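Look over the sequence and the model first. The report below then goes from the fold of one chain to the way two chains meet.

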2 protein chains.
Amino acid sequence: MRPLSHPAVKDITVEGILHALSDPVRVHIFARIAASSATHTCSTFLNVSEKPIPKSTLSQHFKILRDAGLIRSQRQGVELQSVSRCAEIDTRFPGLVGAIIAAHAVQSKARRPARKRVSVA
Amino acid sequence: MRPLSHPAVKDITVEGILHALSDPVRVHIFARIAASSATHTCSTFLNVSEKPIPKSTLSQHFKILRDAGLIRSQRQGVELQSVSRCAEIDTRFPGLVGAIIAAHAVQSKARRPARKRVSVA
């Protein structure tokens, strides 16, 4: 089994963070991990969006978050347990991750009522 | 000549901003436009990176910034004059653009001494 790799804080790049957090599903996953001090497994997020997400896609999302330095994962049996590295990133890029999560929250809040109107019409 | 299109503030997306500002050259261009109240033409930035950038590539960078809602451009003769839309974006996504520009500044500052050491050795 391949060991999990995590970039050192000094090797975390703005480009990597922006790419990882440009996908709404990944931001949603990351925001939930970052909001809690508990560890999270992939399967917690099978129903994170309106359509169920295949486990292979979720694993890929977690890998992108891990490679970008946003989460730290550890194998426990057959599952990966992940925690946020937000505090570490904040020492290098203050306020960056928080501003992106907040912007996504504004955007999804603005989109929700529009969707409802479409389904009612 | 095709008219220039600019998204309305409500149609500006986090994904579009993150994509546009995930490229170091585009961030550099945008940071310079955002730091000044004057308008800027593409040709101001021909020597923005270590290697001169072809004008066609610069035009493409400006188009991506414009499509993301980050700048507003206007034709004046054969040139495009562009200004930042940072203030408009801040009303929708407070602090987002500033945090990204600041993070890129931290990163390029950290990379600069390493480059110098390599050229001296």
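Among contacts in chain A between residues at least 6 apart in sequence, 64% join residues at least 24 apart. Contact means heavy atoms within 4.5 Å.

This is a predicted model, in which local features need pLDDT of at least 70, side-chain atom pairs count only at pLDDT 80 or more, and totals for chains, interfaces and linings use all residues. Residues are numbered from 1 along each chain as its sequence is written, chains are lettered from A and ligands numbered from 1 in the order in which they are written, and side-chain values use heavy atoms, with hydrogens and water left out.

**The chain**

Chain A has 5 helices and 2 strands. Along the sequence their pattern is α-α-α-β-β-α-α. Helices (H or I, at least four residues) and strands (E, at least two) are DSSP runs, numbered from the N terminus. Of the 121 residues of chain A, 37% are buried. Buried means under 20% relative accessible area, with exposed over 50% and partly exposed in between (1.4 Å probe, protein chains only).

**Helix H2 of chain A**

H2(A) covers residues 24-34. Its buried residues are Arg26(A), Val27(A), Ile29(A), Phe30(A) and Ile33(A). Seen down the helix axis, they fall within an arc of 165 degrees, so they line one face of H2(A). The arc is that of the directions from the helix axis to the C-beta atoms.

**The hairpin of chain B**

Strands S1(B) and S2(B) run antiparallel, joined by 6 bridges. Strands pair if DSSP finds at least two bridges between them. Arg72(B) has Val83(B) as its bridge partner in S2(B). The hairpin has 2 residues between its strands, and Gly77(B) takes a positive phi near 70 degrees.

| Strand | Residues |
|---|---|
| S1(B) | 71-76 |
| S2(B) | 79-84 |

**Two chains together**

How are chain A and chain B superposed? A rotation of 180 degrees does it, with 0.0 Å of shift along its axis and an RMSD of 0.0 Å. That is the relation of a two-fold axis. The C-alpha of Leu18(A) is the nearest to the axis in chain A, 2.7 Å from it. The superposition is by least squares on the C-alpha atoms of residues with pLDDT of at least 70 in both copies.

Both copies use the same surface: 100% of the contact residues of chain A recur in chain B. In all, 20 residues of chain A are in contact with 20 residues of chain B. The two chains bury about 1600 Å² between them, 68% of it on carbon and sulfur atoms. Buried area is the accessible area (1.4 Å probe) that two parts lose on being put together, summed over both. Glu15(A), Leu18(A) and Gln107(A) supply 31% of the area that chain A buries against chain B, more than any other three residues.
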